[in-house]
Amino acid sequence: MRPALHWPSIRGRARADAGPLLLSAVVVAVVTFLAGAVPVALGDTADEAVQAAVRQAGSDADVQVQARWEYDDGSGGGRVRTARSAEALDDLRDRSLDELGPLGEVLLPPVELVDSPYLKIVNGAEPRSFRIDYVAGGSGPAVTWVSGAAPQPSVARLDVEAPFNGPPWPVQVGVSEATAARLGVKAGDRLQVEDDNRNPKDVRVSGVFRPTDPGDPAWQAAPWLLNPVHGRDGAGITRFGGMVSKDSLPDFRLAFEPDQTNRIVRFSPDPALLTLDSAQRIVSAVVRLKATSASSGDRSTESQWWTQLDTVLSDVQDQIDAATAQAAVLLIAVTTVAVLILLLAAELLAARRSPALTVARQRGAALPSLGLELLIESALVAALAAGAGALLSALFTGAVAAAWTLPVVLAGLLAGPAFGVVRAFRATRDRRVPANRGARLVARRTAALRRLTLELAVLAAAATALTLLNRHGVLPSAGGTVLLPAAAPALAVLTGAALLLRLLPLITGLALRQALRSSRPLAVFGAARAASASARPLPVLTLVGAAALASFALAVTSTVDRGLTDGAWRTVGADARLRVASDSVVTVPETAQRIAATPGVRHAVAAQVVDVAPLVVADAERPARLVIVDSAAYRALLAETPLPALPSLPAALSLPTASSPAAPNQPTASGPAVPALVRYAGGHVRTGDHLKLPRQAAPALDLVATGIAPAVDSSEDLVVVDAATMTAAGYQVVPDTIWVTGPGAGQAAAAHSGEGLVDLRAEVEASRRDAPLVTGLIRLAWASAAMLLALGLLGFALSASAGAPERWQTLSRLRTLGLRTSEARRVAAGELLPLALLAAAGGPLLGLLLIHLTVGPLSLRLLTAQPEAPPLVLPWAALTVLFLAFPAMVAAVVPLESALRRRRRLAEVLRVGGA
Amino acid sequence: MIALLARRTLAQWPVLAALLAVVTLGATLLGVCALLVTRTAPVALGVAAQQADPRRMSVTAYTSTIKGADTAAVTDATRTVLTSALAPFPATGAVRASSVMRDLPGRDDEAKTYLSGVEDLPDRAALVTGRWPRAGATPRRAEAVLLEPTAKLLGLTVGSRVRLAADTDAEAPAPAVELTVVGVARPLPGVGWDRDLLEGAGYAPDHNDGTTTRDFPAYGPFLVDLVDLIGGGSSLLRMEITVRPDLTGATPDTLDTAADQVLDADSRLTGTLGDRARFTRVASDLPYTLISARHQQDVTQAAVLAVAVLGIVLTAAALALAGRLTAGLRAAETALLSAVGTSRVQLAVTAALEAGLIALAAAAVAIPGSSLLHAALSHLPPMSGAGLATAPGVTGAQILAIVAGSFGLALVLVLLAVRTERPGGRREFLARSGADLLLVAFAAVGWWQLHAGRTEADFLQVLAPGLLLAAGAALALRLVPPALRLADRLARRSESLPLPLAAFEAARRPQAAAAGLLICLAAATGTFGAALAATWDRSQHDQADLAVGTDLALRLTTPPVAGQGAAITEATGAAAISPVTDRGVAIGQWLGAAGDTPHLIALDTTRAGALLRGRLPDGADWASATRGLAPAAPAGGIPVAAGATLTVRGTATGTVPVTVAPRLLLQDAAGLRTVCAGAPVPLDGKRRPLAGCAPAAGMRLVAVALPFDYDSGLLWQVSQSRFTVTLGLPGPAGDVTGWHSAPAQAAAGQLAGTAMTGSRAGLTMTGTVQLGGGSPTEMTLVGSSFEAPAAVPVLVSEKLADGLQVRTGAALDLTVGTTAVPVRVAGVVPAVPGAPGAAAVLADLDSLSRVLTSRGDLSYPADAWWAGSPARTDLAALHLGAATTRAGETARLTAGPLNAGLPAVLRLLVPAAVLLLLAGVILHVTHDLRDRAVEVARLRGLGMTGREIRTTLLGQHAAILLPLLLAGTLVGGSGTVIVAPLLIRSETGATPVPPVLPAWPWTTELLLIALLVAGCTLAAGTVATVQARRAGAALLRVVS
């Protein structure tokens, strides 16, 4: 049987209810936009994160291919000078490009490199090393020769055979201006260098060059060619570099054993071309390349592929998974409230249409026909709205995450027809109310039972999700499903709202009882209206849900915000930190004084920081970071920062138990014990314990833990002692770190950047805040909070307008009994206020309870870069706004409704049979 | 009220007894599960710790460079730290210490020696002559034992005296000592000689102890008593103390304490020793072994709890039925009580009192009952075999579980009793409230969570099977009424009376399906329980098969020696044995994902069918799967008699003397290849013997490698040298047509014009070597009796194939030892035996060895022996290493202390389900008997015969019970397919490898169903007979 459609009805209904339909359409469009765009935007953010990670990884992300040179044995037993060495390198490059296949598309033009082994510069006091490199990029690193000329072949005949066991083969190199100045060499000089086995090498400077473009990527393969690099060959060793040209490359080969130099082609990934998707492909391509490449034991000239790119990419993938899971929490919250709003709108629509639908049904329209008619309408609206949302999303982000928009679109599509058909069915069903009391009871009980079952189901789901979230965290790394724990906040809020829904009739009933006893009729009217309206489930669920989830999102933003600041404070320890290099430690006290005297600096405290001090506690080694600092000055510094305060440190303690008689072989500690503040993550050291600091050629220094060290530092184990007490105990304190606070701290510290490493708190914080994933998530949290609040207010307006006809009809009737307009408004406000107050008070409370339960499992510390979960920070200002918003809505809605209905005539109102 | 209760109890005792029985049954099941979790689990952990490999439970401290004055103190302190770390367990330690290198007197080649003290020396070495050393009166005059090679090389015998001069090095002083040799010993394999400075070899020509840059010949050790070594004041180079705990009576708490202390022992030792030792380290697998044991236990406990949940759901269903029937029975008296003015509160109090008494009685029975049942279970296999047999006992958790369970169930009774509605409304509670649909939704969520595969046990995993079966049963119940209505409609066409009447009754009477949930659920639980047990058992077998890979795997701790295979064959009586390569390898530059190194398994694939175990898809077998991996023909070779002496003689032209250190590859009867390396011999035309190459009978020479060398100090310019090297064989060379020679690296061009000829005298290899440049491998000439394939054909595991996206035909490079081996993928298998879940490669060991040999690397990469179908499995006497057997691994996985709980509790679940089902059926039909007495009498009055009435009643019950049983079986079956594979985890909690295949044990299941059907038929038949007989006019009169 084909359902008969009555097109005029469809058109008429749509025209009559254009307003509510438009409202649903807007909600569907906005939420479709948000839900469709956020995952895509997050995907883009993920791409940025991938790019940032690859940029940060630097050469670790490079793909390098290495191959041995062809054999160059000559017929005379020596090695033949291979004039076409550079071409052999080009061959390798071309071959590698072929092998790379699709991977080649995301890589920058390759850099060819031949690197010498470690060479030692013999003369001179400081330890220096030297490298000879051949570098060739796409266009080659262009240089200008300041003096001398480019390296030339060291022999006239280019294919000469180098004799076996001959003297070191001469090779010409060019050096940069910086290198020439530091080494004090000029064109024509011979460098005094030897290899690991003390074999001298004949390296001659052909000229001094200046790079045309120091930023050329080719230089990145061997940055020491431009400027000496410190610490690459071990602590304290400076590495210098000499560049060979295409012409002197064959000499370079002959100067070393065949195995000592290899052909290297290095491909750097082009971060701009990398995306999360391509990263996945690259990882598998890289694994494939590695696996199919020749093994290290291979003696042939086959290519050996080497890269850490896959590790870099899989690390960033983990971070992205975490961010996606955290974003899912917020998206599910928004989607849940949006679906509730759509249900509310559909209910309103159905209520408005109830008479028309009933009449249609009474005139013989079949339920399927009615349903189909309503479905056509809602499909049209939902399709248009979802299309608009999707279009917007596509415009802004280039794509739509269809799966996330599905719940909202489905709700928009099905809620209207479902409510309408149910209304029509209920209004016209022919089953009589059973005459017998028992049967009526059974029917009532069945309804109550169903409601209870549903509530228990939501409770069970929320409990399950919360338990999963608490036990395993929100991150997908633990396995299991992501959506279930991510839905925990939304489900828990629904449960809480259902509980409040049960409570509200009790409260309004109580209020009504109180009002009945009072002598104020207005209160009675208001309370009675409120009591009769309080049983509607959807408004309560929607408003409480929106308010609770909005406060949840707000608390997430405030916690992350403060966490980022605190994390940066803990990383740096002050506004700026100067860690002085070992060769200039003697000047630290002076530098500290000078910095302290700089305008804009409040405090500058010098301290000695031993990263891993070999402390011994009760015969067990408990290494910790030891901070030796002027405690009074440090306390004053900390007092002005958000970092925790430093407890007091007493003067040296003379304790008879300083040396333990149990271990007679231990060097007995000398003198009185130095009081120390300690903080050990493992809980191995407690207040009152003695710590021994072994010293070279002296008895161990005795420290005694007198208190708990504050969490001022990112290290897990920390010991803080006073510098003066340490000096008194015979320990030579050599400060190497200066903490500076004050508005001018950054500048003051930066002025001394030549002496060591400067860390600025503001920079650290800014760099963390600007990380793509962090920025993206904070923005999403703000957007979600705003969206949820807007949806909540919209929900309030909807639920007010759903009850409006009945409310104002009653009020109008009361007006005939003498109720004044202002009094009518007060009664209307009295009806609406319980719901508003419930949302304003219950919602945030619920939200805060929830964030308290879930702040740990949400793993926000991944965003804030703190060692432990950030402490919960409540956004009081935003919560106040949230608290005031709903009562404010009452104040706005009531006059509006009143104004809209004022023009209605009393006679119209009093007519029987319709509003 | 009390009086009413007492009288009613007296009158209705059978009903109350039934209620009590059901509650007791449920509480007992719960109590047994609680005991398994709280009482057996700690014992199991202790037993597992005791049964664990002692090497994994020991703690070893390594210290180095201890000054002479500190040695005694350091030894004591280290021992104290270790034993206190293992507290409260008593621990015994063994010290092995070596002194610094001392100059050997009377030598001009800087030869050095050292002293060693090994505490349990007689267990680690066998005395050849003399006696073991005793602590001397003064440590300056010590008795010493030498290893056989040292004594031979130094020319020392029992009674010789050696005086080591004092060493005054400030870093490591050592006083002079006078040593008297009192014995000569031979080191035993596999007892830690690998940690001796010279690895128990007794001599090293070019040793380096790290204190100087120069190598020197080293002899030793002089094994003295530990007291002499420690007391003698000599500085120690290395000391290690291994402490083994006696874990008898271990409990989880004491084990945890010990594990924490062991983890902290490293920093404790470092702190205690301070700068008295340069290097200190404490190593132990104990904490990690315990962690993995706990993990495994968690996995088992989650499964046990899942079974407990099933049991509770089933009991609750049975109780709901019993409660409903009781309430129905009492409907009249309740109405009467209400009529005389009893309030609802009073009724509720009465019901609560009654239910509370029932709960108390049930708990009183269930507490000793569950203790006894648990003890009985623990005395049956698999628990008794796992050492978990315990006497009956009571634990707090058990009492709590039982009391909570019985009172919880009693609450169901109260709820059923106080509801005012007429029992047995039109629709069941589940359907009416929509709870059945929600159950389905939650079951789906549970399945989804299980499917997502979390390694840690999860409460949803515990609930999932219960949810799934309950949801299935509830859904089946929704289908029962329409099915019965259909039957009713069909039966109307029948012309006889009994059948339509039966159908009519079944379809119309609402209480007919009252027992539906219980029957369906019990049938589902019973069949699911039996299938889960079978599936679990099958999966554990599969996992054990694949993990061991063969019937017996012997992991070697020392390099294999010729003739070992024969000894193993003799000791085991195995049908087939093969040396096996079993190690991690690099594939190209790829070392696997996140610490998961690719694995290489290579063995004699011509015997793969007899050796390899593990499931292959579609009934394929390993013999056909590995076809084509082995070379077409076995390696020929020249027989060399046992003990025969070979010779080598060679000449070389040129001014620079050329030497060659011939390396011979010999193969014994078992297929094991060993290398016989000769000392470097100058190519001066003299014949030199190569002794000891053929220690066993039946050996054949299969390859020779000649690495040429020269003193580069004498070489002034590159020159060529023509060489001829003849390997003299004890017998005639015989057929050497298959032999050929080639440079190990032809491309290097260091060797040219190489050729090989065979004669009676032996094998002669000629060619030209270029002196100057070239690495040792480039100057190696290899002659072999076989052709080496260009690439080794291999099978790869699916994980490797997926990870690298390689398919059949792909070429890869493996690094075996230090040599690159090209391989070609010949096929993909789900997993490689011996390397489950790894990216693994399976190759033929002969092919692999051939390719290695052709590349100049004669080393034979044998790490283990695998044996198929052994008759005996005890190989401890061979001292070769640790043996793992498939049977042992299977026993550990199916009946080990940590796993035995699950089969035990499953053994309980199935009978419980049967009992509850039968109890439910009996309750149901007896209730029906009372209900229908009048009706049957009326039928009788209408003229139906007793036989017709019997048929009607039987037909009616059959129409209800049989479809429910069928539906339950279907639910159980689908549960087995859907949830059982997800429920079974490997011992680490991960998805098992190979994947679990659901098993449906047809015999057991059919027996079970037959039992259920028979039980139902018997109950219904008896009732029908009784009813038909009783129906008489008397009944009609009384009621009407």
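Visitor: Which strands make up the open sheet in chain B, and in what order?

Guide: This is a predicted model. In it, five strands of chain B form an open sheet, ordered 23-18-25-28-27. The pairing is antiparallel.

Visitor: Which strands stand at the edges?

Guide: Strand 23 (684-690) and strand 27 (751-758) of chain B. Each has a single partner strand, so one side of each is left without a neighbour in the sheet.

Visitor: And how far are neighbouring strands turned against each other?

Guide: By 15° on average, with direction ignored.

Visitor: Take strands 25 and 28 of chain B. How many bridges do they pair over?

Guide: Ten bridges, in the antiparallel sense. Strand 25 covers residues 719-728 and strand 28 covers residues 762-771.

Visitor: Switching to chain A. What is the average pLDDT there?

Guide: Chain A averages 83, and 93% of the residues score at least 70. Over residues 656-669 of chain A, the pLDDT is below 50. That stretch has 18 contacts in the model beyond near neighbours in sequence.

Visitor: How many helices and strands does chain A have?

Guide: Chain A has 25 helices and 25 strands.

Visitor: Is chain A a compact globule or more spread out?

Guide: More spread out, because its radius of gyration is 38 Å, well over the 29 Å that the globule rule gives for 915 residues. Along its principal axes, the C-alpha trace of chain A spans about 120 × 80 × 50 Å.

Visitor: What share of chain A counts as buried?

Guide: 47% of the 915 residues. On contacts, take those in chain A between residues at least 6 apart in sequence: 81% of them join residues at least 24 apart.

Visitor: Which residues of chain A does the UniProt domain annotation cover?

Guide: Residues 785-892 of chain A, in an unreviewed UniProt entry that labels them "domain: ABC3 transporter permease C-terminal". In the model, residues 785-892 of chain A are 81% helix and 0% strand. The end C-alpha atoms of that range are 22 Å apart.

Visitor: Now strand 19 of chain A. How many of its residues are buried?

Guide: Five of its six, so to speak mostly covered; the strand is residues 624-629.

Visitor: Which way do strands 16 and 19 of chain A run?

Guide: Antiparallel, with five bridges joining strand 16 (residues 603-613) to strand 19. A:Ala613 stands opposite A:Ala624 there. Strand 19 of chain A is also joined by five bridges to strand 23 (residues 718-722) of chain A, and those two run parallel. There, A:Val629 has A:Asp722 as its bridge partner.

Visitor: What about phi of A:Asp619?

Guide: Near 70°, a positive value in a residue other than glycine. A:Asp619 is in the loop between strand 17 (616-617) and strand 18 (620-621) of chain A.

Visitor: Is A:Asp619 buried or exposed?

Guide: Buried, because 21 other C-beta atoms lie within 10 Å and the cut-off is 20 or more.

Visitor: And phi of B:Thr65?

Guide: Near 50°, also positive. B:Thr65 lies in strand 1 (residues 59-66) of chain B. B:Thr65 is partly exposed, with 18 other C-beta atoms within 10 Å.

Conventions
Residues are numbered from 1 along each chain as its sequence is written. Chains are lettered from A and ligands numbered from 1 in the order in which they are written. This is a predicted model: local features need pLDDT of at least 70, side-chain atom pairs count only at pLDDT 80 or more; totals for chains, interfaces and linings use all residues. Two strands pair if DSSP finds at least two bridges between them. Helices (H or I, at least four residues) and strands (E, at least two) are DSSP runs, numbered from the N terminus. Axes are lines fitted to C-alpha atoms, for helices over the stretch in contact, and angles run from 0 to 180 degrees between N-to-C directions. pLDDT is the predictor's confidence in each residue, from 0 to 100. Two residues are in contact if their C-beta atoms, placed from the backbone, lie within 7 Å. The radius of gyration is taken over C-alpha atoms; the globule rule is 2.2 Å times the number of residues to the power 0.38. A residue is buried if 20 or more other C-beta atoms lie within 10 Å of its own, exposed if 12 or fewer, and partly exposed in between; C-beta atoms are placed from the backbone. UniProt positions are given in the numbering used here, feature names are shortened, and annotations may be inferred rather than shown by experiment.
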